[in-house]
Amino acid sequence: MAAMQVTSVEESSVPATESSSSSAVSSKLSLPSARVKTIMKSAPDSMAISQDAVFLVARATEYFVAHLATTAHGSNSAGGKLDYRDLSHIVASDSALCFLKDVVPKKVLARDYFASLQNSAGNS
């Protein structure tokens with residue numbers, strides 16, 4: 001049976017069926033695999049977690065963060081640096097990212113928030 005390959009933009013292909021030590025696999029990731037495994041184990045319904053599953057979740061997370069940052073930077077009007085405002089704008093405007101609205105909300109100044117509270121209290 002032919003070995004399947006996982007292709008990365010930054011690095012060469014890695015055979016998915018290749019068994020290697022966890023340190024060799026971890027060196028191909030930006031996220032620490034031990035931390036990813038700890039987070040995965042924190043789920044109440046988690047069972048035994050294989051090293052391949054940890055690698056795939058870490059890799060998928062890296063791709064997701066890269067996609068989010070690239071999209072936010074591409075919509076940036078300044079073009080220079082990536083701000084929280086850019087991330088919150090993308091999360092608010094993209095329906096595929098609506099699950100992040102509580103995690104990356106639009107920035108509201110305290111004076112605007114208190115003004116809206118006073119307006120809503122005055123309307124009640």
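I am working with a predicted model, where local features need pLDDT of at least 70, side-chain atom pairs count only at pLDDT 80 or more, and totals for chains, interfaces and linings use all residues. Residues are numbered from 1 along each chain as its sequence is written, and side-chain values use heavy atoms, with hydrogens and water left out.

Fold. I looked up the elements as DSSP runs, numbered from the N terminus: helices are H or I with at least four residues, strands are E with at least two. The chain has five helices and two strands. Their order along the sequence is β-β-α-α-α-α-α.

Contacts. I took a contact as heavy atoms within 4.5 Å. Among contacts with a separation of 6 or more, 25% join residues 24 or more positions apart.

Burial. I used under 20% relative accessible area for buried, over 50% for exposed and partly exposed in between (1.4 Å probe, protein chains only). Of the 124 residues, 18% are buried. In H4, I found Asp86, Ser88, Ile90 and Val91 buried. The buried residues of H4 pack against helix H3 (51–74).

Surface. The accessible surface of the chain is about 9300 Å² (Shrake-Rupley, 1.4 Å probe). Carbon and sulfur atoms hold 59% of that surface.

Valine 108. I located Valine 108 in the loop between helix H4 (84–93) and helix H5 (110–123). Its relative accessible area is 55%, so Valine 108 counts as exposed.
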